[in-house]
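Welcome to this tour! Open your viewer, get ready to select residues by number, and follow along stop by stop.

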Amino acid sequence: MRFPLLTAALALLSFVGPLSTDMYLPAFPRMAEELGTDASGVQLTLTAFLIGMTVGHLVLGPLSDRCGRRGPLLAGAAVCTVGTALCAVAPSLGWLVALRFVAGFSGAAGVVISRAVIADRLQGAAAARLFGVLMTLAGIAPVLAPLAGGAVIGASGWRGVFWVLAGVSLLVTLAVVIGVPESLPRERRHRGGPRQVAATAREVVGDRAYVGYTLTFTFGFGMLFCYVAGSPFLFQNVLGMAVGTSSVAFSGGAVVAALSSAVGARLVRRTGPEALLRVGLTAMLAGSCVLLALAVGGLLSVGVCLPLLAVVCGGFGLVVANSAALALNRVPGASGVGSALLGTAQSALGAVVAPLVGLGGEHTAVPLFCGMALCSGGAVLALFGCGCAAADRAVPRAPRRDRRVRR
């Protein structure tokens, strides 16, 4: 199987998460009215999806270390297709929340296992480069998602969005069948059950640098989930944009993040992932703090808000690709468990912060930018608090059990 075909299939797998969270964002105000709830109620559907992904990471990542990558990946894609289709006919908010959990759990396979597939094949700057390429390709999804979502919502309502997402999930299933071969040979698979998985997980989290990079990655995505959950109300209710214009504004941020990832992928061999990670963190934190100060002072406007959001999104594009590569580089012998813990922390924090940004009401951006600033600050503290820079100069080590297997 040629590597470009595998890269294309992995990129399509990475589309599912952004599409599932971003495509129905323009419908949040309309969904709240139709389902008889408020902003926080609708945001619970996003929270349920993220909780499902959290649990899915914990189950499917270690399972792929034991059973191989391809089988769990195929099963997850198929179940995600069915669960998403059922979301389109959900009769109430409660049913929609439950079905979004199912879609998130099964959709986690594409996220956690695709990262493990990369770690199976590549290490170091090469892995960071591929993560950057995939981030760039995946950046197409959040660019198109709000625009396509706005068009679908106008034509067939918010339920039509889930029919489209079900079709995308079916396409992803076919991509796995055609383009993703097994990347974990039988001799490298973990033979033990839950106890062995727990022992491997303890070894993985015992690596301080892995923990630091994982928390940096997690808080970076926490910042993004604050923005994703709060942006419809920021653009439409605070800045006074129409639905279509707000979709374009959100897509602009996704374009910046994708371009940032593309630039990072080209520079990583020259500068190293650590340097790019620091640049991204600086941009995220500075932009978020300025936006918070403007929101508190009542000085937000379209002309000021959009450029600063572009700075934040550009920083995010550098943070996630490089922190993920650096984290998995620390645990080359347990990439499934390492990827599972990475994604679990990411989804868990996202599930917590998503509904919180709506607690101040639909006409203020202070909770949104407060959450973005706190998550950006947490990412900075995680990187420097765990001494990642010094630890990354050490040779990565595999868990002890994997070294015995290799001998």
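Is Ala 201 buried or exposed? Ala 201 counts as buried, because its relative accessibility is 19% and buried means under 20% relative accessible area, with exposed over 50% and partly exposed in between (1.4 Å probe, protein chains only).

Before you go on, two notes on what you see. This is a predicted model, in which local features need pLDDT of at least 70 and side-chain atom pairs count only at pLDDT 80 or more, while totals for chains, interfaces and linings use all residues. Residues are numbered from 1 along each chain as its sequence is written, and side-chain values use heavy atoms, with hydrogens and water left out.

**The whole protein**

Show the cartoon view. The protein has 17 helices and 0 strands; helices (H or I, at least four residues) and strands (E, at least two) are DSSP runs, numbered from the N terminus. Of its 407 residues, 58% are buried.

**Stop 1: around Ala 201**

Stay with Ala 201, which sits in helix H9 (residues 194-205). Touching here is a contact, meaning heavy atoms within 4.5 Å. Val 337 is 136 residues from Ala 201 along the chain, yet their C-alpha atoms are separated by 6.4 Å.

**Stop 2**

Select Arg 330 and Asp 207. They form a salt bridge, with the closest N and O atoms 3.2 Å apart; the term means a side-chain nitrogen of Lys or Arg within 4 Å of a carboxyl oxygen of Asp or Glu. Arg 330 is in the loop between helix H13 (302-329) and helix H14 (335-356), and Asp 207 is in the loop between H9 and H10, so the pair ties together parts that are 123 residues apart in sequence. Both residues are buried.

The structure holds 2 salt bridges. For another, select Glu 274 and Arg 278, whose side chains meet at 3.7 Å, N to O. They are 4 residues apart in helix H12 (residues 273-296), so about one helical turn separates them. Glu 274 is buried at 15% relative accessibility, whereas Arg 278 is partly exposed at 35%.

**Stop 3: a group of rings**

Select Phe 217, Phe 221, Phe 225 and Phe 316, which form one aromatic cluster. Rings of Phe, Tyr and Trp (its six-membered ring) pair if their centres lie within 6.5 Å; planes under 30 degrees apart count as stacked, over 60 as edge-to-face and the rest as tilted. By this rule there are 6 aromatic pairs. Zoom in on Phe 221 and Phe 225: their ring centres are 6.0 Å apart and their planes at 35 degrees, so this pair is tilted. Both belong to helix H10 (residues 208-238), where they are 4 residues apart, about one helical turn. Phe 221 is buried at 14% relative accessible area, and Phe 225 is buried at 6%.

**Stop 4: Thr 173 and its neighbours**

Finish with Thr 173 in helix H8 (residues 158-179). What does Thr 173 touch, not counting residues up to four places away in sequence? Select Leu 74, Ala 77, Ala 78 and Thr 81 to see them. A polar atom of the Thr 173 side chain lies 3.4 Å from the backbone oxygen of Ala 77. Thr 173 is buried, at 13% relative accessibility.

Terms used
A polar contact is a pair of N or O atoms within 3.5 Å; within protein, one must be able to donate a hydrogen and the other to accept it, and residues adjacent in sequence count only if both atoms are side-chain atoms.
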